[in-house]
Amino acid sequence: MESLLSVRGLVKRYAGVHALAGVDLDVCPGEVHAIVGENGAGKTTFLKILSGALHPDAGELRFGGAPLPLGSPRASESCGIVAIYQEFTLIPALTATQNIFLGHETDVAGHGAARRSAMRTRSARLLGDLLGDTAGSGGVDPERPVRELSVPERQMVEIARALSRESRLILMDEPTATLTAQETARLHDAVRRLRTRGVSVLYISHRLEEVLSVADRVTVLRDGRRVETVAVEEATLDRLIRGMVGRSISERYPKEAGRAGGMLLEIRPSDGLAVHVRAGEVVGLAGLVGSGRTELVRAVFGAERRPDLAFAWCGRPVRPVAPREAIRLGIGMVPEDRQGQGLVPGLGVDVNIALPNLDRLRAGWLPARGGPRRLAEPLIRDLRIRLADPSQPVRSLSGGNQQKVVLAKWLARRSRLLILDEPTRGIDVGAKQEMYRLMNQLIRDGKGVLLISSDLPEVIAMSDRLYVMRRHRVVAELDARGASPETVMAHATGLRG
Ligand SMILES: Nc1ncnc2c1ncn2[C@@H]1O[C@H](COP(=O)(O)OP(=O)(O)OP(=O)(O)O)[C@@H](O)[C@H]1O
Ligand SMILES: [Mg+2]
């Protein structure tokens, strides 16, 4: 079949880095083509060149049989290529309908009220088609302001907007990173419907199982080069991982059993089960997105006021009212929302890692110029943060590598208890393995870990004990070794207990 998109020898260089070093790729009409690769492999760069946000250094791109104009978002869009970004480009105060037709209202016949009503009908139709609701708009009210819609609903509006412009290729960069399992399934259904309409999708994800279920073909990138493109029937998890990281991963979750020691943290709510974490153990906190896990740990950290909770630290009652107090006790937290969490994008990676640790630099070695670098280097290595130079600005790192910098900041603090909220979201399989090894190391060193993860197999395999939350209450405590995803889900959804 004639390709819709054909890319030959695509090159993009940054100072010292070959983000793309000559990539070839073809996308057929109506094909879902996934791109996988480690953090920093060049996936986002590839999409940004197609969407016109970045200008390549070399390469030939053809779309629909004609050369694709380069470096112009408007030109890409008018050719029929639209990117659905993680940060939304919709205008929050406008309704879904207004957003869908923004800038091309005149495509809809009629004037004034007649046109508005026609646009409403069209957007309801587009949303309904995407969501498999032939009679309605799939539960998304086209007249609601976008600011009142949930993340997955906004995604649907973005896709509907692309369809209203007759887009032929939709680019999705980690679209499911913050979605629940159910929302992910809905997005995948929408992607499959796009395919039956002949629309192609380029789909980036670190969730390899997802890729295997939604894609027709998968391209593996590594260090800015294409390793291979395989039909999904021939792709296996192991093959993809080998392509991405250059080796097989024999044990997905290399958990070492903890040896619970002295009591670190106790949380006693006025309602529901109490939670405790001892030195030398990993305690998992499972539950559906929105069940109150993040809220609970933010309260521990003094970032949220919860008069209904009583806390004890090493056996003594405490009530942290600010993160700095929690930090002084020896509690560290890698937050879920890592975008807004204190990275200074223009400063170097080493300085960012050192910033919350200046006390250590002063108390320990001299506040010498090499201080931040010496502190940062082992962490950069352990977490495999991909960079050209430790003093390179954080802004120039790929998304996943920026997340690892936040992890490194907290790991450098050497807290006695580390709270990890979705620590492996958005990071590649290889880096996940390093994360797991670090957790093993932490508990071997007698520290405690409180792990929140929506990845059920992960939280079960990597914890010693598990708590399950439902509707802001802790409803079950389980031995992680005996737990199955089904049991945990049953508690989380209220089908049991
Ligand atoms: N503005 C920039 N300046 C310098 N280097 C950059 C810049 N933008 C990206 N890079 C580098 O280009 C490489 C590819 O980055 P890219 O964002 O495409 O990776 P990715 O595959 O999307 O990774 P992730 O899975 O972490 O999102 C990385 O090594 C990154 O550090
Ligand atoms: Mg990326």
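Which residue in β8 is the bridge partner of H33? In this predicted model, the partner of H33 is L202.

Strand β3 covers residues 32-36 and strand β8 covers residues 200-204; the two run parallel and are joined by four bridges. They belong to an open sheet of six strands, which come in the order β6-β7-β8-β3-β9-β10 with mixed pairing. At the edges sit β6 (81-84) and β10 (225-231), each of which pairs on one side only. On average, neighbouring strands of this sheet are turned by 20° against each other, with direction ignored.

Helix α5, made of residues 151-164, lies across β6 and β7 (169-173) and runs at about 175° to β6. Helix α8, made of residues 237-245, lies across β3, β9 (217-222) and β10, and its angle to β9 is about 25°.

Beyond its neighbours within four places in sequence, S200 is in contact with L4, V27, C28, P29, G30, E31, R168, L169 and I170. One of these contacts, E31, comes up again below as a salt-bridge partner.

## A mostly covered helix

Helix α1 spans residues 43-50, and six of its eight residues are buried. These are K43, T45, F46, L47, I49 and L50. After α1 comes G52, which has a positive phi near 90°.

## Salt bridges

How many salt bridges does the structure hold? There are 29 salt bridges, and the table shows some of them.

| Pair | N to O distance |
|---|---|
| R217 and E31 | 2.4 Å |
| R444 and E256 | 2.9 Å |
| E377 and R373 | 4.0 Å |

The bridge between R217 and E31 links distant parts of the chain: R217 is in strand β9, while E31 is in the loop between β2 (17-27) and β3, 186 residues apart. R217 counts as partly exposed because its relative accessibility is 24%. E31, at 5%, counts as buried.

R444 and E256 also form a salt bridge. R444 lies in helix α15 (residues 429-444) and E256 in the loop between α8 and β11 (263-269), so this pair ties together parts that are 188 residues apart in sequence. With 33% relative accessibility, E256 counts as partly exposed.

The salt bridge between E377 and R373 sits within one element. Both residues lie in helix α13 (residues 371-382), four residues apart, which is about one turn of the helix. E377 is partly exposed, with a relative accessible area of 37%, and R373 is partly exposed as well, at 30% relative accessibility.

There is also a network of salt bridges, which links E38, D223, R384 and R386.

## Strand β11 and its partners

Strand β11 pairs with strand β12 (residues 275-278) in the antiparallel sense, over four bridges. Within this pairing, I267 stands opposite V275 in β12. The two strands form a hairpin with five residues between them, and G272 in the turn has a positive phi of about 100°.

β11 also pairs with strand β14 (residues 309-313), again in the antiparallel sense, here over five bridges. Which residue of β14 is the bridge partner of R268? The partner is A310.

V344, L347, V351 and L355 make a nonpolar patch of about 260 Å². V344 is found in the loop between β16 (331-334) and α11 (349-354). V344 counts as partly exposed because its relative accessibility is 33%. A residue needs over 30% relative accessible area to be part of such a patch, and V344, at 33%, passes that cut-off.

Terms used. Residues numbered from 1 in each chain as written. Chains lettered and ligands numbered in written order. Predicted model: local features only at pLDDT ≥ 70, side-chain atom pairs only at ≥ 80, totals over all residues. Heavy atoms only, no water. Patch = residues over 30% accessible without salt bridge, like charges linked within 9 Å, V, L, I, M, F, W, Y side chains within 5 Å. Areas by Shrake-Rupley, 256 points an atom, 1.4 Å probe, with all protein chains shown as cover. Salt bridge = Lys/Arg side-chain N within 4 Å of Asp/Glu carboxyl O. Buried < 20%, exposed > 50% of the residue type's maximum accessible area, 1.4 Å probe, protein only. Pairing = 2+ DSSP bridges. Axes fitted to C-alpha atoms, helices over the stretch in contact; angles between N-to-C directions. Contact = heavy atoms within 4.5 Å.
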